[in-house]
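Hi everyone, thanks for coming.

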Amino acid sequence: WETPPPLIAIENVPDIKKKGRKWLDAIAAMMSAYGYAWRESTHDCAELGGLGQRRRRFLGMARHMEQAPEFLYEPRKQRVRGCGSRAG
């Protein structure tokens, strides 16, 4: 790359942390070699977006340390909505 991307995101099911551990470790090592900080987390899309359906996801984030000196902040969790409820 002439200019590497400042952020790289990988989303998957949470089981990847167990079933794909070797793959994730290889990604973390490669990212480090290219000047990236690597972070793994899980989140529930219902809590982040105030949705009516729970959906747990794995999120791997790589941040190019020269271009993005600060890590991303996680949004505030919201109440999970019931079926048929309205926003507001």
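Let me start with a question: just after α2, which residue takes a positive phi? That's Gly35, with a phi of about 90 degrees.

A quick word on the model. It is predicted, so local features need pLDDT of at least 70 and side-chain atom pairs count only at pLDDT 80 or more, while totals for chains, interfaces and linings use all residues. Residues are numbered from 1 along each chain as its sequence is written, and side-chain values use heavy atoms, leaving out hydrogens and water.

Now, the helix itself. Helices are DSSP runs of H or I with at least four residues, strands are runs of E with at least two, and both are numbered from the N terminus.

Which residues of α2 are buried? They are Leu24, Ile27 and Met31, where buried means under 20% relative accessible area, exposed over 50%, and partly exposed in between, with a 1.4 Å probe and protein chains only. Seen down the helix axis, the buried residues fall within an arc of 55 degrees (taken from the directions from the axis to the C-beta atoms), so they line one face of α2. On the face turned away from that buried side sit the exposed residues Lys22 and Ala33.

And what covers the buried residues? The cover includes β1, α1, β2 and β3.

Note on methods
Contact = heavy atoms within 4.5 Å.
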